[in-house]
Amino acid sequence: MSESELLPLSELPAGSLAIVMRIEGHPELKKKVLEMGLVPGTPLVVQRKAPLNDPISVAFRGYELSLRIYEAETVMVKKVSCGGCNGECNKCWGCH
């Protein structure tokens, strides 16, 4: 995968589906974000963004997490799209 496919979580619009690829930044902030459960390989959906994009609400692993903009900027993701199954395939995590 090329670096051009990765972007910060903070840049995704509401409704976007993505997979966490890595966490960047200061070691203490990186540890904090990882402890929140945003580890590489985690699929997520951007639920909503507040005015000025702060905070950003994401859903993954059955719960919702709000991140400050500076936290979301450390999470590098790969945007993915849904296959359009409308939740009928029971394999997709983003359609429904």
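Strand 4 and strand 5 form a hairpin with 2 residues between them, and R61 in the turn has a positive phi of about 50°. Strands here are DSSP runs (E, at least two residues), numbered from the N terminus. The model is a predicted one, in which local features need pLDDT of at least 70 and side-chain atom pairs count only at pLDDT 80 or more, while totals for chains, interfaces and linings use all residues. Residues are numbered from 1 along each chain as its sequence is written, and side-chain values use heavy atoms, with hydrogens and water left out.

F60 has Y63 of strand 5 as its bridge partner. The ring centres of F60 and Y63 lie 4.8 Å apart with the planes at 50°, so the pair is tilted. For reference, rings of Phe, Tyr and Trp (its six-membered ring) pair if their centres lie within 6.5 Å, and planes under 30 degrees apart count as stacked, over 60 as edge-to-face and the rest as tilted.

How covered are the two partners? F60 is buried, at a relative accessible area of 4%, whereas Y63, at 35% relative accessibility, counts as partly exposed. The cut-offs are under 20% relative accessible area for buried, over 50% for exposed and in between for partly exposed (1.4 Å probe, protein chains only). Strand 4 (residues 56–60) is mostly covered, with 5 of its 5 residues buried. I56, V58 and F60 point one way from the strand, and S57 and A59 the other way. In a regular strand, side chains alternate between the two faces of the sheet.

Strand 4 also pairs with strand 3 (residues 43–49), in the antiparallel sense and over 4 bridges. Here V58 of strand 4 is the bridge partner of V46. Strand 3 and strand 4 form a hairpin too, with 6 residues between them, and L52 in the turn has a positive phi of about 65°. Strand 3 in turn pairs with strand 2 (residues 17–23) in the antiparallel sense over 3 bridges, where A18 has L44 of strand 3 as its bridge partner.

Taken as a whole, the open sheet has 6 strands in the order 1-6-2-3-4-5, with antiparallel pairing. Its edge strands are strand 1 (6–8) and strand 5, each pairing on one side only.

Terms used: Pairing = 2+ DSSP bridges.
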